[in-house]
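Me: Please take a close look at one part of this model, the packing of a pair of helices, and then follow the elements involved into the rest of the structure.

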Amino acid sequence: MLQFYNNLSIAKKLNFMNLSAAIIAGVIAIIFIVLYQYIDGTKIVKYQNRTFAKVLAKNIVPAMLFKDTKNIQDSLSSLKHAKNILEAYALGKNGELLGMYVKSEPYKENKLIKTLKLQEKQFWKGLELYTVMPVIADEKTIGYLVLIHSMDKFIEHLLTQTFVITLIIIIAILLTSRYYKILSRKILIPVSELNKSTTKIINTKMLDTHVKVYNSDEIGELAKNFNMMMSELSNYQKELTKQKDLLSYKANHDELTDLPNRALFNDRLSVAMKKADRNENAIAVFFLDIDFFKQINDQYGHDVGDAILKRFAERLQECLRAADTLARIGGDEFMIILEENKELTTSKTVAHKIITAMQEPIELGESSLSISTSIGIAIYPKDAKDAEELIKNADMAMYRAKEVGRNNFKFFSEN
């Protein structure tokens with residue numbers, strides 16, 4: 001091999017070196033790009049399935065509680081619109097089958113379901129992703145939901161992209177090799193820059209990197225094509241990131257009111273408690289709901305109930321400062337985190353403000369509806385030493401407020 005190389009002319013040596021370097025760089029680029037897309041893509045698929053499973057598990061809670069197999073089956077049948085979901089199973093706490101959905105016909109029994117260890121997890125079996133999600137009611141596991149997602153479309157898409165990327169790089173290599181023989185020293189400079197930029201992309205994974213176009217000749221066209229390819233890959237990466245951010249936002253916010261949900265509330269409460277410990281301050285946690293909201297839902301329907309919840313959330317937000325946290329944790333239950341002053345009067349002021357704000361009737365088209373709220377307040381660290389106890393005590397205080405007539409507030413520390 002070395003003797004063969006030594007016998008070549010300088011022009012052929014340069015062409016050989018260029019072709020060798022281009023092939024190596026192209027192969028490395030393909031490996032890294034495809035590997036990156038595969039790793040990032042599978043992460044997003046797992047995240048999407050976990051989020052989807054959580055939502056579906058939440059939706060079938062009422063049916064699971066009452067062992068309503070018809071409603072469970074109807075909920076699972078809606079998965080026919082999800083192209084990549086192959087199978088779904090609703091299992092009781094002890095693994096008994098309560099409902100199932102199978103995309104393919106005729107049905108073939110999935111023996112793995114019977115031997116599946118029931119706990120929250122995700123695992124791969126061939127090109128299928130299994131997502132096991134507990135169905136939880138009142139913080140107790142009442143069953144499990146199993147989703148089986150096919151990766152066939154993802155692999156097909158990945159192979160197509162790999163083929164296109166490979167084809168583009170092959171074309172780039174052929175163009176470079178063809179014109180390299182007639183390149184002068186000036187032309188070698190942009191080629192060197194192109195190789196440097198390719199190496200930079202491989203090392204940094206920065207797909208938005210572009211090469212400088214020196215001329216409008218063949219090498220300039222090569223640089224332009226390279227930039228177009230990287231722009232497409234960069235846009236694809238940005239779109240994946242955008243979708244990932246959107247899923248992350250939905251996982252931490254209530255869909256109806258757009259407020260933080262229980263998960264985000266717990267995270268912010270933990271941060272607020274640590275901050276209060278550092279600054280030797282106090283925080284107040286409000287637990288509140290709408291009085292007689294069930295009767296409103298039953299009498300006027302869920303559409304009116306949803307409208308009431310949205311307006312209720314807006315009025316609560318208007319009573320709070322930008323630094324305060326308002327979250328909807330489920331149904332008509334909301335929670336608030338307030339930074340208390342040393343005299344512990346902030347929470348009392350805000351509670352009065354909320355009670356007063358709710359006295360104005362809510363306009364619903366040509367009619368109006370009056371609502372009220374009951375509020376329970378617990379102070380950290382006075383009333384509790386951890387987040388779970390703090391929330392529990394605020395909840396207890398709210399029920400005390402209801403017991404004495406509703407439309408008022410009570411502190412946990414009050415007798």
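Reply: In this predicted model, helix H9 and helix H13 pack at an angle of about 110°, with their axes 10 Å apart. Angles of 65 to 115 degrees count as roughly perpendicular, and H9 and H13 are therefore roughly perpendicular to each other. On the H9 side, the residues that meet H13 are Phe 265, Asn 266, Leu 269 and Met 273. Their partners in H13 are Ala 387, Leu 390 and Ile 391. Sorted by class, this contact holds six nonpolar residues, one polar residue and no charged residues.

Thr 325, which sits in strand S7, is in contact with Phe 265 and Arg 268, and with Met 335, Ile 336 and Ile 337, when neighbours within four places in sequence are left aside. The relative accessible area of Thr 325 is 9%. Buried means under 20%, so Thr 325 is buried.

H2 gives the most, with nine residues. By class, the lining of the largest pocket divides into 21 nonpolar, nine polar and 17 charged residues.

H2 and H8 also take part in another pocket. The second largest pocket has a volume of about 500 Å³. Of the 32 residues that line this second pocket, Ala 29, Ile 169, Thr 198, Phe 226 and Met 229 are the closest to its centre. Two or more lining residues come from each of H2, helix H6 (152–180), helix H7 (185–204) and H8. Here too H2 gives the most to the lining, with nine residues. The classes in the lining of the second largest pocket are 23 nonpolar, eight polar and one charged.

Definitions and conventions. Residues are numbered from 1 along each chain as its sequence is written. This is a predicted model: local features need pLDDT of at least 70, side-chain atom pairs count only at pLDDT 80 or more; totals for chains, interfaces and linings use all residues. Side-chain values use heavy atoms; hydrogens and water are left out. Helices (H or I, at least four residues) and strands (E, at least two) are DSSP runs, numbered from the N terminus. Ala, Val, Leu, Ile, Met, Phe, Trp, Tyr, Cys and Pro count as nonpolar, Asp, Glu, Lys and Arg as charged, and the others, Gly among them, as polar. On a 1 Å grid over the protein atoms alone, a cavity is a set of points where a 1.4 Å probe fits but cannot get out, and a pocket is an open set with protein on both sides within 12 Å along at least five of seven lines; lining residues have an atom within 4 Å of a point. Grid points are joined across faces, edges and corners, and a volume is the space filled by probe spheres set on the points. Axes are lines fitted to C-alpha atoms, for helices over the stretch in contact, and angles run from 0 to 180 degrees between N-to-C directions. Angles under 35 degrees count as roughly parallel, over 145 as roughly antiparallel, 65 to 115 as roughly perpendicular and the rest as oblique. Contact means heavy atoms within 4.5 Å. Buried means under 20% relative accessible area, exposed over 50%, partly exposed in between (1.4 Å probe, protein chains only).
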